Amino acid sequence: KKILARFWAVWGLISFVATFLIFVWPALLSYFKKDPQGQAFFIRISKLWMNIWLPLIGCPLRISGQAHFEPGKTYVVVFNHNALLDIPISCPYVPGANKTIAKASFTKVPLFGLFYRKGSVIVDRSDPKSRSKSFEEMIQVLQSGMHMCIYPEGTRNRTNQLLKPFYDGAFRLAARTQHAIIPCIIRGTREAMPITETFYLWPHPLHMEFLPPVSTENKSVEELKNEVFAQMLDHLKDYSS
């Protein structure tokens, strides 16, 4: 299986690059549109790309819980994070225009960097000034009518626990702006692309489930963090039992 998975990873990489080179050009037209309309267009193109690439690699994606997004409202959306595969699938399937927080290093990749920057608020985590600036930019994203997508575990979960402890950032943002939080559980990416393996891809169905919104009203950052963590952990336990 490991040998076959590495051959399949080659196909995954080839098909990813080939389809990216098709969809990057219409996606970059979003730079000429004012946000949130430009970002909504970018998300639609990204979703179309994933609708084609995911079946090509044998990882069909099912979405549930999108009805939790109330029309006209923007949310802080938080995801669990098990694999690199989480990154290209998360934001395209959030209803409406949205951006995610992303590492500055990826912006240096030719062409992909332009695409990556358009969909993201960029942060250099080693630079306190960059972290502060990115927080203000995330506030602006929400104020402009777009959702803000964050992985509160910070990095991929390399532990044997269902969830790593959360950082405060997403919950400080929600408390500061009083935007409700919608948790999202991503399942199947751990099996398709295990964190313990290098250059490995295995066909496996994926599922994204948006959970009911968590209100920020009269709640501290710590209370929000604990409530969302418990909600996501309970759903992951139900799935793994």
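Phenylalanine 199 counts as partly exposed, at 42% relative accessibility. The structure that holds this residue is a predicted model. Phenylalanine 199 sits in the loop between helix H7 (189-192) and strand E7. Although phenylalanine 199 is not a glycine, its phi is positive, at about 50°. A second case of this kind is glutamine 178, which is not a glycine either and has a positive phi of about 60°. Glutamine 178 belongs to the loop between helix H6 (169-177) and strand E6. With a relative accessible area of 46%, glutamine 178 is partly exposed, because a value under 20% would be needed for buried and one over 50% for exposed.

The chain as a whole contains eight helices and seven strands. Its C-alpha trace spans about 50 × 50 × 35 Å along the principal axes. The radius of gyration of the chain is 17 Å. For 241 residues a compact globule would have a value near 18 Å, so the chain agrees with that expectation. Of the contacts in the chain with a separation of 6 or more, 73% are between residues 24 or more positions apart. Buried residues account for 49% of the 241 residues. The accessible surface comes to about 12,000 Å², and carbon and sulfur atoms supply 61% of this area. The chain carries 28 positive and 18 negative side chains. The centres of these two sets lie 8 Å apart.

Strand E7 covers residues 206-210. Five of its five residues are buried, so E7 is largely enclosed by the rest of the structure. E7 pairs with strand E1 (residues 61-64) through four bridges, and the two strands run parallel. In this pairing, arginine 62 stands opposite histidine 207 of E7. E7 also pairs with strand E6 (residues 181-187), again through four bridges, but here the strands run antiparallel. Cysteine 184 stands opposite phenylalanine 210 of E7.

Phenylalanine 210 also takes part in a contact with phenylalanine 69. Phenylalanine 69 is located in the loop between E1 and strand E2 (76-79). The two phenylalanines are 141 residues apart along the chain, yet their C-alpha atoms are separated by 8.8 Å. Once neighbours within four places in sequence are set aside, the contacts of phenylalanine 69 are Tyr75, Val77, Val94, Pro95, His147, Ile182 and Phe210. Phenylalanine 69 has a relative accessible area of 9% and is therefore buried.

A further pair of strands is formed by E3 (residues 98-103) and E4 (residues 120-123). E3 and E4 are joined by four bridges in the parallel sense. Threonine 100 has serine 120 in E4 as its bridge partner. E4 is covered on both faces. Ser120 and Ile122 lie on one side of E4 and Val121 and Val123 on the other, and all of these residues are buried.

Glutamine 39 is part of helix H2 (residues 37-56). Its relative accessibility is 0%, so glutamine 39 counts as buried. Apart from neighbours within four places in sequence, glutamine 39 is in contact with Ala97, Asn98, Lys99, Lys118, Gly119 and Met146. For one of these, asparagine 98, the sequence separation from glutamine 39 is 59 residues, while the distance between the C-alpha atoms is 6.8 Å.

The loop between helix H1 (2-28) and H2 contains proline 36. Aspartate 35 and proline 36 are joined by a cis peptide bond, with omega at about 10°.

Definitions and conventions:
Residues are numbered from 1 along each chain as its sequence is written. This is a predicted model: local features need pLDDT of at least 70, side-chain atom pairs count only at pLDDT 80 or more; totals for chains, interfaces and linings use all residues. Side-chain values use heavy atoms; hydrogens and water are left out. The radius of gyration is taken over C-alpha atoms; the globule rule is 2.2 Å times the number of residues to the power 0.38. Buried means under 20% relative accessible area, exposed over 50%, partly exposed in between (1.4 Å probe, protein chains only). Contact means heavy atoms within 4.5 Å. Accessible areas come from the Shrake-Rupley method with a 1.4 Å probe; for residues, only the protein chains shown count as cover. Lys and Arg count as positive and Asp and Glu as negative; His and the chain ends are not counted. The place of a charge is taken as NZ of Lys, CZ of Arg, CG of Asp or CD of Glu. Two strands pair if DSSP finds at least two bridges between them.
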